[in-house]
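Please review the following briefing alongside the sequence and the 3D structure.

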Amino acid sequence: MDTLQASRRSLPRAEEDDLRAFLDALAEFDDIDLTAVLDGLKKTKPKTKAKNGAPKAAKNPTALNEATVTKYVQELRSAQTPEAVAAILQSMKSIKLPETKAIANRFRGFEAKFKSKTEAVAEIETWALSTMRAQNRKGKISEIF
């Protein structure tokens with residue numbers, strides 16, 4: 001049991017949650033025979049079939065509009081001034097949360113979780129402006145040397 005708990009620290013979050021649920025279910029039956037343990041696990045097993053016996057349909061997460069995400073990422077990468085970035089962000093107001101998160105993650109080049117659309121947009125703006133500043137510094141340094 002301790003080995004399982006120690007190994008869960010190196011698992012991805014979803015697998016860690018599954019293992020934690022499994023270990024919690026086992027912990028209830030420390031003093032009971034194996035038959036009772038298996039019965040208890042059957043109760044905690046997620047239901048995989050609908051009432052009619054057919055497999056449950058997987059929840060369909062909101063499909064991203066890839067064309068929109070790609071368009072805005074390209075626009076942000078080609079923006080040369082803070083005003084251009086502000087105009088792009090202003091035009092993004094009609095975009096839904098999943099697309100905004102995807103734009104932020106692809107523009108920055110790494111995944112992050114955002115709690116809100118406002119947080120994602122603020123991160124895009126911060127990243128764009130810091131990238132512009134870095135490019136300006138690089139240009140000025142290359143002019144000197």
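A residue counts as buried under 20% relative accessible area, as exposed over 50%, and as partly exposed in between (1.4 Å probe, protein chains only). This is a predicted model, in which local features need pLDDT of at least 70, side-chain atom pairs count only at pLDDT 80 or more, and totals for chains, interfaces and linings use all residues. Residues are numbered from 1 along each chain as its sequence is written, and side-chain values use heavy atoms, with hydrogens and water left out.

**Chain overview**

- The protein chain contains 7 helices and 0 strands, where helices (H or I, at least four residues) and strands (E, at least two) are DSSP runs numbered from the N terminus.
- Among the 145 residues of the protein chain, 22% are buried.
- The accessible surface of the protein chain is about 11000 Å², with 55% belonging to carbon and sulfur atoms; the areas come from the Shrake-Rupley method with a 1.4 Å probe, and for residues only the protein chains shown count as cover.

**Helix α6**

- Helix α6 covers residues 97-108 and reaches 17 Å from its first C-alpha to its last, close to the 16 Å expected, a span defined as 1.5 Å times one less than the number of residues.
- Its buried residues include Glu-99, Ile-103, Phe-107 and Arg-108.
- Just after α6, Gly-109 adopts a positive phi of about 90°.

**Arg-108**

- Arg-108 lies in helix α6 and is buried because its relative accessible area is 9%.
- Apart from neighbours within four places in sequence, Arg-108 is in contact with Phe-114, Glu-123 and Trp-127, contact meaning heavy atoms within 4.5 Å.
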